[in-house]
Structures are given as structure tokens and as C-alpha cells.
Amino acid sequence: MNDTLLALLAFSPIVVAAILLVGLNWPAKRAMPVAFLLTVGIAIFFWDMSANRVFASTLQGLAITVAVLWIVFGAIFLLNTLKHTGAIATIRSGFTDISTDRRVQAIIIAWCFGSFIEGASGFGTPAAIAAPLLVAIGFPALAAVVMGMMIQSTPVSFGAVGTPIIVGVNKGLDTHNISETLIANGSTWDIYLQQITTNVALIHATVGTLMPVLMAMMLTRFFGKNKSWKEGLEILPFAIFAGLAFTIPYALTGVFLGPEFPSLIGGLVGLAIVVAAAKKEFLVPKNHWDFESEDKWPTEWLGSLKMDLTENEKKPMNMALAWAPYVLLAVVLVASRVSVDFKNFLKSVSLSFGDILGETGISAAIQPLYLPGGILVFVALLAVLLQSRKVSPLVKAFGESSKTLIGE
């Protein structure tokens, strides 16, 4: 079998998954088992892998899945906790006071805030947070979803504190054999991983600088009265400024600190800079752009996308207090990756599986405190102490988050 056929064979499970998910609109719980069984068949009958090694790899995958689900749960749990303490309602009202220009609002909430949330949580959480916030301040549901999904681009490779790079590269490649090759050539796995991080950061930063411009153009072309690209381009100076406010610290962080922090720090720094600039109307066009009145919106723009914040709207909260958990999250996450003593303490709690099923060379480990999920849950607990001092927000948030995680 030539190399081309081997490559097509290796790629076939991904193609099948795409056809089932996108083409036939199958749910993931049906499509992915089919792709998995195809992968197992290829591994056994074409790559000559033993059944023992395939099963060990499957168990390793399950352990990785548990770790990822723990991160997802932490992200959802923190969001729901802040909803029930009233912090999200306060954050929402704060965004509406910055600017009445919908293009500026989209850039701040979706691009800056969304990128920060991607860096902290990942796994679709930015769209889950940003889109309801946009709807809450008057965006059509479809426009909110489009804006929320467009930012799932530049920050994604370093989302959830670098999970795509750290897990994807460390677990997705044959680290043992590659490390031996690297050492033989005078390098190490850590240097190799940093080279990947640097290249990804620089490439994404270059392209990502234009993302706020594209967002504004999509907004005015498809959701504006005049269906105009030009109205989106009118905010070009501010949009480029907003792009650079994120991508410069994003790139520098990737180059000098590693894969955990680019989106997190880039989003936080960009948010602070862009919000301050928008309040001063720096580079913001004098003519503020807005949607037509809601009664003129096409039916397809509407939907059920919303975040019910009414139960907390009568509980005003200081803006600094509302944002405190997110700031604390950034500080703790950075400390957990920079401070050796703190990192070792968090890693001391570990569920490890070495050489699964014996002499396979396949291992797995789950470190619940060191993973972002543990830190997100910890910050949620502190948020309740700071903002509510009641147990009820935690109980409600835990119930909602659990149901979301298991798909109910």
C-alpha cells in the first residue's frame, strides 16, 4: 500500500465523523462511536496494533476525556455561580454603559471578553457567555451567535489555559519516540513544544488582528438596515486597535511564557485597553451604528437564546466585586503555572495509571487540582463567599452545571 493510500486511510475516521456530524446531522453520541470503531479496525488490521495496545489506548483516551470534562464542568459551574450571585447581571449592565455603538459592543464583549473567557475556560464557553450577553443588551439572537462563533478562532489554540497545545500535542503525538529523536539531535521535548507554541502564537496573532474588522463588517452587512460592508469598515481604526490590543500581548506571552497564557493574558490586557479607549471614544466613529427596531427583524434572526438574569437584577453589585472572580481566576491560573511550589502542591494530588495493561508504554494521569477545572471550581467557591455568602447559588449552579454536562 503506497503512502497516499496510507494517508487517506489514516484520515478516513475524521472524514467519516465529519460526514455523519455535518452531512447527515447525526448527534455526536451516535457519530463518534462509529468513527471510533473504524479507527480500532484500522489500527488492528492495517497498522498491526495488538488488541491489548488498542484497549490500553482506549483507556488512556477515557482518562483524558475525564480530565477534559472536569475542565468543562468547572467553566460552566463558575458561570452559573456568577449568574446566581448576580455578578453576570452587573457585568452585562456595565458593558451597555461603555458605548451605544453596536460594533464597539460586539468587539468588546465577543472579541475582548470572549477571548479572555476562551483563555480561562475554552470548550465553547465564550460563545455560551458572550452570545447571551449580546442578546441581553439588544442584539438579534442570530447576530449574537455569529459574533460569538467568530472569535472561536485566534484564541482557541491556547484556550482553557493552553489545553489544545498541552493536551493535543503532548497526548496526540508519540512523545517517547519523538523525544528520543530530539535528544539525539541536541534538543528536548520542552524546546520542541515551545517552538510549536511560538509559531502558533505568531501566525494566529498576524491573522487575528483583522478579526474585529471582519466581525464589524459581518454585523453591518447581514444585520444592518443598509446591508453595507462600508459601515463595518467605518470602524476600521478602532477595530485594528482592538485587534492589536489583544494580539500583541497574546503573541509576546506565547513566545516568552508558553502555551498556558496567551489567550488569557491577551484577553485580559486587551479588554482593559479597549474598554478604556471606548469610554474615551478613542478612534470610535462619531456616527454610532445600531440595528433597526426589533419589530423589523426577520423571523430567522430571533431565537430562544437567552440568559435569565431577572432573579438577580434587584441585587445591585459593585462592578469591581462582580469582576473579582475573573481577575482572581487569571491570577490563580498564572500562579499555578509559574510558581514551582504552588504547581507542585497542586500536582501532588494525582490519579496516575502507568504502563496501562502492562508493557504497553501507554500511561495516563488526572490531576484534579492542577487542571483548570479544579481552579475554576475553587474560584466559584470564593465567588460565593465574596458576593453572596449563601449556599443556594452553589446548589443551583451545581445542579444546572451537572445537567448541562450530561446533556439533559
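Analyst: Start with E234. E234 is partly exposed, at a relative accessible area of 42%. Keep in mind that this is a predicted model.

User: Why is E234 called partly exposed?

Analyst: Buried means under 20% relative accessible area and exposed means over 50%. E234 has 42%, so it counts as partly exposed.

User: E234 pairs with R103. What makes R103 buried?

Analyst: R103 has a relative accessible area of 1%. The cut-off for buried is under 20%, so R103 qualifies. D101 is buried too.

User: How do you know that E234 and R103 form a salt bridge?

Analyst: A salt bridge needs a side-chain nitrogen of Lys or Arg within 4 Å of a carboxyl oxygen of Asp or Glu. For E234 and R103 the N to O distance is 3.5 Å, so the pair meets the definition. Side chains of opposite charge can pair when their charged atoms come close.

User: What does the bridge between E234 and R103 tie together?

Analyst: E234 sits in the loop between helix 12 (230–233) and helix 13 (236–256), and R103 in helix 5 (residues 102–120). The pair therefore ties together parts that are 131 residues apart in sequence.

User: What makes D101, R103 and E234 a network?

Analyst: Salt bridges link the three residues. R103 meets E234 at 3.5 Å. R103 also meets D101, at 2.7 Å from N to O.

User: How many salt bridges does a search of the whole structure find?

Analyst: It finds four. One of them joins E400 and K83, with the closest N and O atoms 3.1 Å apart. The limit is 4 Å, so this pair qualifies as well.

User: Which parts does the E400 and K83 pair tie together?

Analyst: E400 lies in helix 18 (residues 392–405) and K83 in helix 3.

User: Why is helix 4 called largely enclosed?

Analyst: Helix 4 covers residues 87–96, and eight of its 10 residues are buried, so the rest of the structure largely encloses this helix. Among the buried residues are I88, I91, R92 and F95.

User: Which residues form a nonpolar patch on the surface?

Analyst: F11, I14, V15, I19 and L24 form it. Together they have about 460 Å² of accessible area. L24 is in the loop between helix 1 (3–23) and helix 2.

User: How do you know where empty space is left?

Analyst: Rolling a probe the size of a water molecule over the atoms shows it. The largest pocket has a volume of about 1300 Å³. Of the 27 residues that line this pocket, S57, Q60, G61, I64 and K171 are the closest to its centre. Helix 3 gives the most to the lining, with nine residues.

User: What is the make-up of the lining of the largest pocket?

Analyst: The lining divides into 15 polar, nine nonpolar and three charged residues.

User: What is the volume of the second largest pocket, and which residues are the closest to its centre?

Analyst: The second largest pocket has a volume of about 760 Å³. Of its 29 lining residues, the closest to the centre are I166, V167, N170, K347 and Y370. Helix 8 provides the largest share of this lining, eight residues. The lining of the second largest pocket holds 18 nonpolar, five polar and six charged residues.

Note on methods
Residues numbered from 1 in each chain as written. Predicted model: local features only at pLDDT ≥ 70, side-chain atom pairs only at ≥ 80, totals over all residues. Heavy atoms only, no water. 1 Å grid on protein atoms, 1.4 Å probe; cavity = no way out; pocket = protein on both sides within 12 Å on 5 of 7 lines; lining within 4 Å. Points joined across faces, edges and corners; volume = space filled by probe spheres on them. Helix = DSSP H or I, 4+ residues; strand = E, 2+ residues; numbered from the N terminus. Nonpolar A, V, L, I, M, F, W, Y, C, P; charged D, E, K, R; others polar. Patch = residues over 30% accessible without salt bridge, like charges linked within 9 Å, V, L, I, M, F, W, Y side chains within 5 Å. Areas by Shrake-Rupley, 256 points an atom, 1.4 Å probe, with all protein chains shown as cover. Buried < 20%, exposed > 50% of the residue type's maximum accessible area, 1.4 Å probe, protein only.
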